[in-house]
Amino acid sequence: MKKTDFFKQMLILLFLTSIVGEVAAQQITVRGTVTESSTGGEPIPGVSVVQKGTMNGTITDVDGNYQIMLPEDATLVFSFIGFITTEVPVNGQEIINVELEPSVINVQEVVVTALGIEKRSKGLTYSTQSMSGDELTDAKDVNLVNSLTGKSAGVVITKSSSGLGGSSKMLIRGNRSAGGNNQPLYVIDGMPMLNSVSEQPSTSIGGTNDAGGRDSGDGISNLNPEDIKSINILKGASAAALYGTQAANGVIVITTKKGLAGRTTVNVSSNTTVESAVSLPEFQDKYGHSSGGYSWGDKINGSTDYVDDFFKTGVTTINSMSLSSGSEKMQTYFSYANTSAKGIIDGNKLKKHNLNFRESGKFFNDKLSLDANVNLLNQSITNKPVAGGYYLNPLVGLYRFPRGMDMQPYKDDFEVYSIDRNLNVQNWHKELEAMEQNPYWINNRMPSKDRRNRVLSSLTARLDINSNLNVQLRGNVDYTNDRYNKRIYASTHTALSGSNGRYIVMNREEILNYGDVLLNYNNVFGDVSLTASLGASVNDTKVRSERLDSRPNNLHLPNVFTVANMDIGYIEEMDLHRQMQSVFGTAQVGFKDLLFLDVTGRNDWSSALANTDSENSGFFYPSVGVTAVLSDMMNMPGFIDFGKVRGSWSSVGNDIPVYISNPTNSLAAGGNLIFNSEAPFDNLKPELSKSVELGTEWRMFANKLSLDLTYYKTNTENQLFTLPAPAGSGFSSYYVNAGNIQNEGFEAVVGITPLAENDLFWKSTINFATNKNTVKELHPDLKEFRFGDQTSNSYWMKLVEGGSFGDIYGVAFARNESGEIIYDEDNLPTRQEEFVKIANASPDFSLGWNNSITVKNFNFQFLIDGRFGGDAISLTQADLDQFGVTQETAEARDRGYVELEGRKINNVREFYNRVGGRNGISEYYVYDATNVRLREVILGYSIGEEVFGADSFVKNAKVSLIGRNLLFIYKDAPYDPEAQLSVGNNLQGVDVFGMPGTRSYGLNVKLTF
Amino acid sequence: MKKYIFKTILLLTIVPLLFLKCTDHFDELNTNPTGITEEQLEGDYNMIGAYFPQMQQMIYMNYNWGDGKDWTYQIAQNLNADIYSGYMMSPTPFNANVNNLTYSLVDGWNFAAWEYTYAHFMTAALEVEKKAVDEYAHFGAVAKVLKVTAMHRISNLYGPIIYSEYGKSQTGGTYDSQKEAYNAFFDDLSDAVTTLETFIQDNPGATPFQNFDQFFGGDYQRWIQFANSLRLRLAIHIANVSPEKARQEAEAAVNAPYGLMLDGVAAVSGKGYTHPLAVLSSSWNDVLMGAPIESIMRGYNDPRLPAYFKPAVDEDLISQGYEFKGIRQGIEIEDKGTYVEHSQLNISTESPAILMTSAEVYFLLAEGALRGWNVGGTAGDLYVKGVEASMAQWGVSAGDYLNQDNVAAPYVDPIHPENSVEEGNEYLNNVSPRWVEEASDEVKQQKISIQKWLAIFPEGVEGWTEVRRTGYPKIFPVIVNHSGGVIPSEHFVRRLNFPPSERDLNPSYSNIEVLLNGPDNGATPLWWDVDLE
């Protein structure tokens, strides 16, 4: 269907429906709000409102509002699962507000699905998991995504080991895309938002132009968690199918708060936590300095703890306030949050201001609703440490520093006056190496600044044509500007800086313009209910960025950091523009409220596919799902309250980078022409994920036990492989669409309410998920897909057929036919020349146990979660073993030997020289990645009306002691395996001098006025 | 009321239509505004010519294609050929001293010469050859000369290369054995010279290549002389394994119109090109003087010594009277500080990267004469001219250099004396610079090789080729050998392993042992590297 045809048809449809509205005009319009009696007036969305004895009906919107046309003398029936059905005679009233009494314990019934369309969870044909905003604000993290860790089955969150303001990676149901994006789409109030991560470490050594492994930060961490009303995770492709090309990795649907009619509420909250470094390497203090900066020397009497001294106690304070007020016609929500944090490394600071203003109103007899929102963010981070790797990383010099030697002189005098240069130069105890410099020099003489300004604004207009039909027009603009600079002072190692220093300056802006129109229809025809939407959208993103770097050239004047002083050696200029135009539709047909059929379809035309065979046709993404509510269909034993089965199938995409169908020549710094040597690819396709999902949901024993089981299988084909072309091909790289990566898994969510008295309430949720990833197929000519560049470290991630995502290759011991290690004449183990698979980073399964216990005014929450199976590699440990600073090496020296698979090796130093180091035998440094931790503990006390009195200025107060990442119940690896060098696809399961994880605890105070 | 509704509906529907046009503009939208189009390149012949700076700089691996430079040269050439040749040595114990220099060949380094050359040189050469038809044929001829210049170096590192079948496969590439590759080199040089001769004849005085030429300022006559000299070099390379073909090619080169390159050098410079050894040696201190060249130059009192190297700065060395001090390859190095104050290379970033000198051409002729080929001179005369040309090139006076009977000096490692090579050791070169007509051919060959090797400095690939081909000059074997018995120390390393990408991804690799006539490791001699004993 051509899009112009589509719009013609829609226009006709709109006219027809407005005429229909006129025919029915002799009746009266009744409207009102449905609220929940037990919570003191919280609106209930999704309530079925039907004229008794007819098919005329509607459902309440997200604010509990409804509107229906019917004869003056009719009777309205309000029904909703979990609540007592209520009948109200109209008697000519135009406004009927209803409070519903819960029949059993309240269960969340309406979920916000794709495009902001609300659906009753009863009829959903796929699995979703919702979280209320409180779960983000009770124990705040600077990046709100981290607060979701362990709370949802099948959702794995890892964070960058780059400290404050670092990115997080959310991976839903495994990695699908080898070369593309594996992170979900974030949607805020029905519209997409930016969550770009512009830079991540790509190698375990360096970074962009060897400037260190920088984490640029992500988009989701910019939001103020106080503004969020709920988060709903659309895990599977079926749930997200309505997003077509963007649906493959699932969708995070965020609904934000807005003003409520009737009362003015002011919330103030203050959250202060202190952070300290955990999971540091274990150092020895028995053997001292030997030549070359090693610690293989004579026995010493202890060593000062210069590592502990290096890390500071971090402090994070988040203060926020919000105001909500409004009348029936107009509602206002305003909030401000201020985040101020000090990292565990000297000089690392973060400041963030969030401002949000939202206004919603109703016009023309409440037929038109407008909702406008403006969100401002200003954030600055100083001296953000590298996420890991060797270059410009203070931890290398710190950890390697010879035991027993005094760090103090290199801390106090990290620089000394040079008479030759008349400036201060770096001071270190040995010859500088590109990979090892004075940590205090790095902290003090390589300052960096990351600044971000962001505006996220949106407007939604909805016109209710009649009680069954509305049309909605939405648009948003998300603009982000990032400025980054790094100043590297003269006398930094010459491999990484000119003799006069180095300056990097970067400016990047990203704009997302989105608009859609959506026509929503719902009606009930006897036993059949229909909810349908038709729409079209445009999604236009632009990225413009320039990065200037003086390396490999120099600065003209030493230590002057201006663009004019740069002899620019490296330029990265980007101007990316992508536009996607789409039409889509969805319909859900219900039969007797117990059998539902759900279909969606979307066609996307992406500008990235210009010059390809599919430019005009675009790509079509369908999905279909069925749900049967078994508990309504047949007689069930009395203890079963609810039971349903569901199944769905979908086919969705993952977009591709722009311009690759049309490669061009480019210019490098200095005017060097770089000719395109990529083979053009005119048969390019987006990746295609086909998935099947089956599930069942049960609630039993008066809702005290709930069970949600899901099985899924996803096959992702047409993977875009960027391949280094074979040497003989005449190109340096080319693309293919090929492969099949399968994810198959099982998820279980068990909810238990062991205690539900008035004064004592205990709710417990267990999340279990397992995912098996298999590379079913690559390209016939492609034996393996490689992540990142080849470096001289003994670590590489690769995909091979039959293998799986997260397979890590490295150097293994040479073994004979019976699997025994082969030793050389010095009784040292020998190594295999070629890299072989030594580990896999993906866990076998994950388990989260979340508990909330309320005793009168006290509330106690704790979350234990664990990842079981999978491997972690520590090149940090390997490097430090070689330097002889670790506890392991001291123990081996005490013992006089190292035992390896039953054999004693007496030459301890040579053993660690052989297996250790960054390119030693990495097989020796594979650890079990299993870790179980006490992730979150909250102990709160609330004071309400009973203390303050009904007329008090303060309505409610809550004080909580909070702790995050408090202790490991089990951990094998010498670092926190949850922290990753990169939140991209590269560098998984390896630690290379990453910033240590942190434990935090503190106080949260919330006041409501 | 109805009016408002109608208007609103109209508005809500038309607004999206305004910005939702259609996909016609996608072609334009999906074009990178920071890219450079072919049309933008037409002026000044850039559509062909602009490939040449990249190609010329890639020969000696110091072209910045966005990944930085210098380190590319370091792993592509410096940490293998430059050190294996005996010219240089690194004070840095990379990978705890288990690396190329102790015969544990590092794939993570040795892939670079191969992969970078194919990715950034051969791709460009292929494009030039596609575009260089009809009136642009002369560009194609220069590209052919450059191709041989670059690829004979690659072949002399690995052996078989993808050359005559290059660009014909999407999935790998068929290898030429080294013999086939050399035959193709001779053909390409001969074709290129014919094309350039014709161009000069048809367009006297024209210099269309001037804008792009980093060798000879656009002078095609010099390009012909260089091509002829390269042909002579290749002929000498194969003289032991294929003497008849070698003689034919050498004599053809000698007798060609416009002759050989008997003055000046062929070197890359300008257009932002910097000499990578300047950064590697002076800034990074990652490569310093080698022990073999110290032994020879100090023994000979070579006047070029201060032009090649800087005095050592280690106070202890100076007080012991060692003005210049090299490091022996393949020794125990505990940390970088141990040897880091030995002699640096005397090369600045502005120094041109020399790929061939006229001195070398004289020595090639001298060896030809020694073999009885018709090269228009006697071995002794040509040898003397070679030495004089090299001295002149470095701006020093030969003095009585050619009349002295000094032999190479013993090598002393004052820090770890166990690394010293003492008087009478079989690895010391016991010949002098003076040409003695009565001497045996073996001694004459040794003298020619030593002087040629000195004149080639610092081009390690050609220097290593000379050492491997003739066994001269003698260099010192490694003491620490981490090859696991694959490369015996007295056998010396003969070649580099193929990169993992070829091993793993190129289907033709299955045939490699046949082409190599041995396993793909550092002990297998190349085709021209025949055992002379």
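Which residue, with a positive phi, follows α16(B)? In this predicted model, in which local features need pLDDT of at least 70, side-chain atom pairs count only at pLDDT 80 or more, and totals for chains, interfaces and linings use all residues, side-chain values use heavy atoms, with hydrogens and water left out. Residues are numbered from 1 along each chain as its sequence is written, while chains are lettered from A and ligands numbered from 1 in the order in which they are written.

The residue that follows α16(B) is Gly372(B), with a phi near 85°; helices (H or I, at least four residues) and strands (E, at least two) are DSSP runs, numbered from the N terminus. Helix α16 of chain B covers residues 358-370, and its end C-alpha atoms lie 18 Å apart, in agreement with the 18 Å that its 13 residues should span at 1.5 Å a residue (the expected span being 1.5 Å times one less than the number of residues). Of the 13 residues of α16(B), 13 are buried, where buried means under 20% relative accessible area, exposed over 50%, and partly exposed in between (1.4 Å probe, protein chains only). In α4(B), nine of nine residues are likewise buried, among them Tyr51(B), Phe52(B) and Ile59(B), and α4(B) is followed by Met61(B), for which phi is positive, near 55°.

The contact between the chains (heavy atoms within 4.5 Å) takes 77 residues from chain A and 74 residues from chain B. About 6,900 Å² is buried between chain B and chain A, with 60% of this area given by carbon and sulfur atoms; buried area is the accessible area (1.4 Å probe) that two parts lose on being put together, summed over both. Two salt bridges are counted between chain B and chain A, a salt bridge being a side-chain nitrogen of Lys or Arg within 4 Å of a carboxyl oxygen of Asp or Glu. Arg786(A) forms a salt bridge with Asp504(B), with the closest N and O atoms 3.5 Å apart. Several helices of chain B each supply at least two residues of the side that touches chain A, including α4 (51-59) and α20 (500-505), and the largest share of that side, 12 residues, comes from α1(B).

Within chain A, Gln284(A) is found in the loop between β18 (265-278) and α4 (306-310), and Gln284(A) counts as buried because its relative accessibility is 0%.
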